[in-house]
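I opened my notebook to look up a few things in this structure. Here are my entries, in the order I made them.

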Amino acid sequence: MTVTDLVDKLTLERDLDDGGLESILNCNEPEELEHLYSSARDVSIRHHGNTVHLRALVEWSNVCRNDCLYCGIRCGNASLSRYTLSTDEILDACSRAYALGLRTFVLQGGENPAAAEILAPTVSLIKSFWSDAAVTLSLGELPFETYELLRNAGADRYLLRHETADKAHYAMLHPEGMALENRMDCLRSLKTLGYQVGTGMMVGSPFQSTRNLVADLRFIQELRPEMVGIGPFIPHKDTPLGTYPKGSAELTLKLYSIVRLMLPDANIPSTTALSVIEPEGRIKGILAGANVIMPNFSPLPHRADYAIYEGKASLSLEAEENQKQIEKELHNHGYLVGKDRGDYQEN
């Protein structure tokens with residue numbers, strides 16, 4: 001079968017065998033890739049309309065207990081200035097986002113055992129002030145009781161990228177003491193608690209193979225998450241993997257499209273990392289099947305300190321300015337900006 005035939009089969013059946021997925025991932029023919037992207041775009045529009053939902057990203061803390069080999073906010077990075085936003089700073093960011101029409105606030109931070117104690121009251125306040133808005137958390141691996149506390153405080157969604165579904169590959173990217181099994185158990189716990197759950201992987205991370213990516217797709221199929229976050233690996237100089245090459249924008253776009261065809265109803269962000277390595281990455285992600293963009297509403301003085309990777313986009317833009325750029329870009333390609341929470345809905 002040609003790659004075009006494989007894409008049509010995936011569109012119709014929402015699945016392919018491993019060999020078929022590898023063929024699409026290895027494809028470099030422009031016409032066949034455009035068929036992949038356009039097929040995913042059509043499915044996205046059919047299930048989500050021509051609406052792109054904006055989520056307000058608030059990077060609340062770069063304090064992290066982990067020492068992951070690829071991450072710039074790893075605890076072993078002594079050159080990083082650490083910060084944690086106050087409740088007032090978080091609420092101010094949410095207020096600015098709400099005034100601009102955003103109805104999801106994404107609180108993202110390093111893995112911090114004190115997260116629940118700090119954030120649970122803040123989440124409750126957010127929900128009391130803006131009851132029609134959703135709160136998404138991305139705080140890493142935490143105990144079940146902590147997830148439950150945050151859920152009871154009002155959190156609606158949780159994003160925990162698995163990064164890689166291969167145990168051996170996972171061990172190459174993380175220090176001793178971190179285990180893939182624990183991360184996957186956390187994802188299943190989040191499902192049990194009723195969160196809308198997101199997972200996803202790094203594309204082009206060191207030592208990654210095409211078979212690793214197929215394993216990632218199989219895990220995503222098994223979990224059936226409501227959100228899938230996929231971004232390219234971007235090295236950071238202050239990490240053990242800082243000299244490895246960055247991931248591929250084209251491969252990232254292929255994965256957006258494949259996941260869209262597999263899970264038509266999932267919310268898939270066109271990630272900031274893609275925009276770092278590809279100048280038109282944000283809109284290319286949407287045109288490949290993504291339906292979410294997350295503009296940064298973190299206070300400007302702290303954005304450079306939340307340096308998971310280098311070359312982060314929009315470090316000097318005010319949230320309002322960034323918002324206008326995004327809306328103009330979307331309108332130029334025939335898309336509207338969603339004005340509601342954009343919850344997962346199975347069709």
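I began with a definition: helices (H or I, at least four residues) and strands (E, at least two) are DSSP runs, numbered from the N terminus. I then noted that this is a predicted model, where local features need pLDDT of at least 70, side-chain atom pairs count only at pLDDT 80 or more, and totals for chains, interfaces and linings use all residues. Residues are numbered from 1 along each chain as its sequence is written, and side-chain values use heavy atoms, with hydrogens and water left out.

**Entry: helix α14**

I checked the length of α14 (residues 319–332). The expected span of a helix is 1.5 Å times one less than its number of residues. For the 14 residues of α14 that gives 20 Å, and the end C-alpha atoms are 20 Å apart, so the two agree.

Which residues of α14 are buried? I found A319, N322, Q323, I326, E329 and L330. Buried means under 20% relative accessible area, exposed over 50%, and partly exposed in between (1.4 Å probe, protein chains only).

On the face turned away from the buried side of α14, I saw the exposed residues K324, K328 and N332. The cover over the buried residues includes β1 (51–54), α4 (87–99) and α12 (281–287), as well as β10 (292–293), α13 (300–303) and β11 (336–337). Contact here means heavy atoms within 4.5 Å. Just after α14, G334 takes a positive phi of about 85°.

**Entry: positive phi elsewhere**

A reminder to myself: most residues other than glycine have a negative phi. R14 has a positive phi near 65° and is not a glycine. I located R14 in the loop between α1 (3–13) and α2 (18–25), and at 36% relative accessibility R14 counts as partly exposed. F207 is not a glycine either, and has a positive phi of about 75°. F207 is in the loop between β7 (202–203) and α9 (210–223), and is partly exposed at 43% relative accessibility.

**Entry: aromatic rings**

How many aromatic pairs does the structure hold? I noted six. Rings of Phe, Tyr and Trp (its six-membered ring) pair if their centres lie within 6.5 Å; planes under 30 degrees apart count as stacked, over 60 as edge-to-face and the rest as tilted.

One of the pairs is F105 with W130, edge-to-face at 5.7 Å centre to centre and 75° between the planes. F105 is in strand β3 (residues 104–109) and W130 in the loop between α5 (115–129) and β4 (134–138), 25 residues apart. Both F105 and W130 are buried.

Y147 and Y158 form another edge-to-face pair, 5.0 Å centre to centre with 75° between the planes. Y147 lies in helix α6 (residues 144–153) and Y158 in strand β5 (residues 157–159), so this pair ties together parts eleven residues apart in sequence. Y147 is buried at 1% relative accessibility, and Y158 is buried at 0%.

**Entry: cysteines**

I looked for disulfides (cysteine sulfur atoms within 2.5 Å) and found zero. C68 is in no disulfide, and the nearest cysteine sulfur, that of C71, is 6.3 Å away. C68 is buried, with a relative accessible area of 9%.
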